[in-house]
Amino acid sequence: MTDVRTTARQTVVVTSMASDSHTWNLVFLQLLLEELGYDVVNLGPCVPDDLLVSRCAAARPAFVVVSSVNGHGHQDGLRLIGTFRSHPDLATIPVVIGGKLGVAGQDSARAWELRSAGFDEVFEEDTDPATALAAFAASLPRAVAPDRRPATLPAAR
Amino acid sequence: MSDPQQTAGFGAYVRAEAEAGRLVVQPRMGFGDPATMRAGLAATRAAAARTVGTITVDAHTRVGHLAAVESALRDGVALNGYPLVTHPVATTAEVLAGIHGPDFPVQVRHGSADPLGIFRAMLAVGLGATEGGPVSYCLPYGRTPLVESVDNWARGCELLTRLRDQGLEPHLETFGGCMLGQLCPPGQLVAISVLEALFFAQHGIRSISVSYAQQTHPGQDREALAALRRLCRELLPVSDWHIVVYAYMGLYPQTHDGAYRLLGQAAELAVDGGAQRLIVKTAAESQRIPSIEVNVRALEYAAWAARRPQLPPAGATADPEVYEEASALVGAVLDLDPDVGRALLLAFRKGYLDIPYCLHPDNRGRTRSYIDADGRLRWESTGGLPLTALPRPRRRRFGSADLLADLSYVRRKFDGSER
Ligand code: B12
């Protein structure tokens with residue numbers, strides 16, 4: 001068994017996509033993932049595809065959490081994941097997406113489309129984010145329980 | 001009403017209604033499909049209320065990502081607003097034909113830190129009313145550096161003034177009274193709204209509205225409107241200005257009842273607080289883009305709520321706390337530079353203005369807020385803000401559940417499930 005206290009903390013990237021400027025979702029997810037024991041790189045709102053891909057390639061995160069609530073998540077997500085997966089270093093990094101992905105409420109056909117395009121998990125609006133992300137983290141093959149520490153305030157500089 | 005240029009504008013329409021004792025109500029509405037957009041404007045006009053129309057621009061256009069608009073239109077993907085820059089001028093002219101005019105002005109709402117393309121598209125179809133500002137359409141709306149936004153907005157204002165050649169008086173509304181929608185104490189909201197109005201005036205805009213978004217406490221909100229009015233009277237160098245209230249801009253109640261009660265409270269705030277216009281939220285707010293029908297119901301409900309007998313205005317007894325805070329912030333910022341745009345840049349650099357929880361790199365991020373036992377929004381840490389009031393000591397731990405609890409305060413209260 002790995003001693004959790006000696007394991008280096010893993011990094012998770014939290015990000016929105018090119019068109020979405022909402023940030024409360026990102027601040028919330030950062031705190032949540034820090035409570036799950038990760039170091040979080042929060043890329044913020046309106047992240048262009050190229051920037052998202054290059055920052056992920058540099059950070060080599062344990063996984064990437066994409067959040068979109070403005071109703072363009074489906075379109076932005078399908079475009080992004082193609083570019084993301086075609087980068088040689090990012091073909092297998094787990095990526096999840098969640099939020100309010102379309103303009104007309106939940107749509108399971110759309111969720112399926114996102115999964116087939118390369119997202120590992122699509123979280124619909126009614127899933128509890130804390131339970132969902134904890135379960136996802138635990139399901140990862142190399143899942144070593146990351147070191148737990150009290151959460152810090154997001155982005156306080 | 002002798003000047004024809006004045007009667008053709010958005011500001012003149014709202015002021016004339018106010019003189020007749022009527023609150024103007026307005027939707028947040030935008031659809032990608034031109035026929036739906038036209039139907040929405042027509043339904044807004046026909047609603048049983050004094051209304052003005054709204055064209056909300058989609059999020060790809062806001063960030064200048066026009067290729068994404070084109071692919072959405074091609075693939076039949078629904079957008080979250082009207083792609084004003086992409087649809088041909090003739091299409092937008094058809095959307096507006098016979099609907100938009102002096103008796104039903106239409107405003108473009110967009111959220112762009114680089115609005116020149118949107119303004120050019122407005123000019124091409126004779127639309128003269130819009131909203132935003134160098135700060136409020138930058139920090140909450142993406143990653144454009146503040147210095148670029150200030151420059152874009154200065155040029156944008158000047159571009160809008162060309163509408164006068166078409167006999168239209170351009171109208172600009174500050175979005176500064178909203179800043180991230182929630183958890184920004186009212187003193188700073190009022191200050192940014194006033195500073196953006198001064199910025200508009202400095203760049204040639206003569207018809208202005210100043211916004212304030214309903215927050216967590218009705219009494220504090222009334223004080224905020226009183227502060228906003230007083231500061232505008234003291235400082236605004238234009239005579240054509242009015243106050244616009246936004247129904248709550250944070251996590252909205254999920255129950256039908258809760259959503260309507262919160263909207264009703266916003267209408268009361270607008271009337272008691274002496275505002276001339278109200279932008280509504282609908283029962284669909286917590287879930288999805290509202291349909292035309294849901295929007296019309298919200299407009300009619302708000303107009304009804306605004307006509308109900310009101311409480312006597314809080315008047316002279318109002319606590320001057322919000323005024324003092326807003327006035328201190330405005331004064332300190334204006335002292336930094338005679339050019340309001342440069343003063344705003346310096347203010348954010350020094351932390352004289354600092355938005356709680358804002359992720360934008362040009363925001364210092366040293367302030368925090370909290371909701372006190374009475375429901376008032378207060379400073380927990382003031383960072384570099386030029387305020388003397390003592391903030392409450394910092395909470396030692398603040399996790400995701402605490403953030404969600406603060407964000408959901410209003411939702412909980414109106415959905416009736418306290419705590
Ligand atoms: C505050 C707000 C704003 C603020 C945002 C300020 C900021 N910088 O964040 C302002 C006013 C600027 C704004 C602007 C716009 N907004 Co807005 N906004 C809201 C509002 C009122 C609250 C959002 C909020 O604060 N949420 C708090 C966080 C913590 O909750 P959340 O975002 O819902 O996220 C939760 C879950 O979704 C989940 N989650 C989110 N992501 C992920 C990811 C994963 C992996 C998982 C597991 C879970 C998860 O976890 C969170 C906690 O439960 C919502 C409506 C509402 N919910 O009441 C509309 C809303 C999100 N906005 C909306 C829209 C459309 C816009 C605009 C495009 C304007 C427009 N056309 O109306 C612009 C955005 C422009 C752009 N470029 O994107 C729509 C989206 C519609 C849709 N999806 O169908 C909403 C739903 C309002 C509506 N009904 O029309 N908005």
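I started with chain A and found an open sheet of five strands, in the order E2-E1-E3-E4-E5, with parallel pairing. For the labels, helices (H or I, at least four residues) and strands (E, at least two) are DSSP runs, numbered from the N terminus. Two strands pair if DSSP finds at least two bridges between them.

Before going on, I noted that this is a predicted model, where local features need pLDDT of at least 70, side-chain atom pairs count only at pLDDT 80 or more, and totals for chains, interfaces and linings use all residues. Residues are numbered from 1 along each chain as its sequence is written, chains are lettered from A and ligands numbered from 1 in the order written, and side-chain values use heavy atoms, with hydrogens and water left out.

**Chain A sheet**

I looked up the edges: they are strand E2 (39-42) and strand E5 (121-123) of chain A, each pairing on one side only. The twist averages 20 degrees from one strand to the next, with axes as lines fitted to C-alpha atoms and angles running from 0 to 180 degrees between N-to-C directions. Next I checked E1 (residues 11-15) and E3 (residues 63-68) of chain A, which pair in the parallel sense over four bridges. A:Thr15 has A:Val66 in E3(A) as its bridge partner.

**An aromatic pair**

I then looked at rings. Those of Phe, Tyr and Trp (its six-membered ring) pair if their centres lie within 6.5 Å; planes under 30 degrees apart count as stacked, over 60 as edge-to-face and the rest as tilted. I get 14 aromatic pairs over all chains by this rule. A:Tyr38 and A:Phe63 have ring centres 5.4 Å apart and planes at 85 degrees, so I wrote them down as edge-to-face. This pair links distant parts of the chain, 25 residues apart: A:Tyr38 is in the loop between H1 and E2 of chain A, and A:Phe63 is in strand E3 of chain A.

**The ligand**

Where is the ligand? I found that the ligand lies between chains A and B. Its cobalt atom has a single donor from the protein, A:His22 (NE2), 2.2 Å away; donors are N, O and S atoms within 2.8 Å of the metal (3.2 Å for Na, K and Ca), and water is not among the atoms, so sites may look incomplete. I traced A:His22 to the loop between E1 and helix H1 (24-35) of chain A.

I counted 44 residues around the ligand, the closest being A:His22, A:Thr23, A:Ser67, B:Gln182 and B:Arg288; a residue is near if one of its heavy atoms lies within 4 Å. H1(A) gives the largest share of this shell, four residues. I also noted an oxygen atom of the ligand 3.0 Å from an N or O atom in the side chain of A:Asn70.

**Chain B sheet**

Chain B has an open sheet of eight strands, in the order E1-E8-E7-E6-E5-E4-E3-E2, with parallel pairing. Strand E1 (24-26) and strand E2 (53-56) of chain B stand at the edges with a single partner strand each, so one side of each has no neighbour in the sheet. Here the twist averages 25 degrees from one strand to the next. Last, I looked up E6 (residues 207-213) and E7 (residues 240-246) of chain B, which pair in the parallel sense over seven bridges. B:Tyr212 stands opposite B:Val245 in E7(B).

Technical notes
Polar contact = N/O pair within 3.5 Å; in protein donor to acceptor, adjacent residues only side chain to side chain.
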